[in-house]
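Hi,

Here is the structure I promised to pass on. Have a look at it first, and my notes on what turned up follow below.

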Amino acid sequence: MAPSASLRDALMDVSRPVFLFGTVPPMEGTDLPKCKEICEKFVARGRALATDGYIVYDIQEEKGRVPEPRPFPFRPMMEPSGYAGLLKAASGKDSVVYKCVVEHSEGAFEDWVTTAKNVHGVETFNLVGGATSTVQYSGPTMSDAAKVLTKHNLSFGGVTIAERHAKKGNEHSTIASKVDMGAQWFISQAIYEPQAMINTINEYGELCKKSGQSP
């Protein structure tokens, strides 16, 4: 991708692949000089790769996902959009920033979006919901979070998990519902079983044909 091109535009261009290099922020409380050092080392390691940009993950404790207690305390990471800003300063490349929307109140989520956009220059997000349906979350729904990003003229995608389709058989419908919210792309988890992803894509394609929509 040319330096002047936009990662946002590339992600919405179905005629070409997009290559992203994923990372997690440093631990919360890491001082700024050390964060910059970590960031610059990461950028240097990936400089030989033909990447269009980065993915910065939002690591959460995910209480309730499993019944067993943690073997060690959860250690929160640095806020992801701030680290995306450091990556851009070090590399000139933008990031897709993951955000677990349920961890904030609705007002706090919009404040976070405003800061991510205006202070850190983030335009592309991947929205993630709660880790489990057994926990009552205080934050906005995926639909409400999508409306906030649309209001601020920002673009977002979602997560698709092929193994989830193998268990529940409805991942293609979940993709379609997120597209209806405004999602422009999807990032899968690591693909361990190709057939599960093939089935998801094929069934999503059939669903689009029946509804007369473009995938």
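**The second largest pocket**

The second largest pocket holds about 870 Å³ of space. Here a pocket is an open set of points on a 1 Å grid over the protein atoms alone, with protein on both sides within 12 Å along at least five of seven lines, and lining residues have an atom within 4 Å of a point. Grid points are joined across faces, edges and corners, and a volume is the space filled by probe spheres set on the points.

Before going further, the ground rules: this is a predicted model, where local features need pLDDT of at least 70, side-chain atom pairs count only at pLDDT 80 or more, and totals for chains, interfaces and linings use all residues. Residues are numbered from 1 along each chain as its sequence is written, and side-chain values use heavy atoms, with hydrogens and water left out.

Back to the pocket. Its lining has 26 residues, and Leu11, Gln184, Trp185, Phe186 and Ile187 lie nearest the centre. Helix 1, strand 1, helix 7, strand 6 and helix 8 each give two or more residues to that lining (helices are DSSP runs of H or I, at least four residues, and strands are runs of E, at least two, numbered from the N terminus). Helix 8 supplies the largest share, with five residues.

**Ile187 and the sheet**

Ile187 is worth a click, being part of strand 6 as well as one of the residues nearest the pocket centre. Is Ile187 buried or exposed? Its relative accessibility is 14%, so Ile187 counts as buried (buried means under 20% relative accessible area, exposed over 50%, partly exposed in between, with a 1.4 Å probe and protein chains only). Leaving aside neighbours within four places in sequence, Ile187 is in contact with Ile55, Val96, Tyr98, Asn126, Gly158, Val159 and Thr160, contact meaning heavy atoms within 4.5 Å. Gly157 is 30 residues from Ile187 in sequence, and their C-alpha atoms are 7.5 Å apart.

The sheet itself is open, with six strands in the order 1-2-3-4-5-6 and parallel pairing (two strands pair if DSSP finds at least two bridges between them). Strand 1 (20-23) and strand 6 (186-188) are the edge strands, each pairing on one side only. From one strand to the next, the twist averages 30°. Helix 7 (residues 171-181) packs on the sheet, where it touches strand 5 (155-160) and strand 6, and its direction makes about 170° with that of strand 5. For angles, axes are lines fitted to C-alpha atoms, for helices over the stretch in contact, and values run from 0 to 180 degrees between N-to-C directions.

Within the sheet, strand 3 (residues 95-100) and strand 4 (residues 124-128) run parallel and are joined by five bridges. Cys100 stands opposite Val128 in strand 4.

**Salt bridges**

How many salt bridges does a search of the whole structure find? There are six, counting a side-chain nitrogen of Lys or Arg within 4 Å of a carboxyl oxygen of Asp or Glu.

One of them joins the side chains of Arg16 and Asp52, at 2.7 Å from N to O. Arg16 sits in the loop between helix 1 (7-11) and strand 1, and Asp52 in the loop between helix 2 (32-45) and strand 2 (53-56), so the pair ties together parts that are 36 residues apart in sequence. Arg16 is partly exposed at 26% relative accessibility, whereas Asp52 is buried at 4%.

Another links Lys41 and Glu37, with the closest N and O atoms 3.2 Å apart. These two are separated by about one helical turn because they are four residues apart in helix 2. Lys41 is partly exposed, with 47% relative accessible area, and Glu37 is partly exposed too, at 31%.

Glu206 also has a salt bridge, to Lys209, the closest N and O atoms being 3.8 Å apart. They are three residues apart in helix 8 (residues 194-211), so about one helical turn separates them. Glu206 is partly exposed at 41%, while Lys209 is exposed at 63%.

Cheers

Conventions
1 Å grid on protein atoms, 1.4 Å probe; cavity = no way out; pocket = protein on both sides within 12 Å on 5 of 7 lines; lining within 4 Å.
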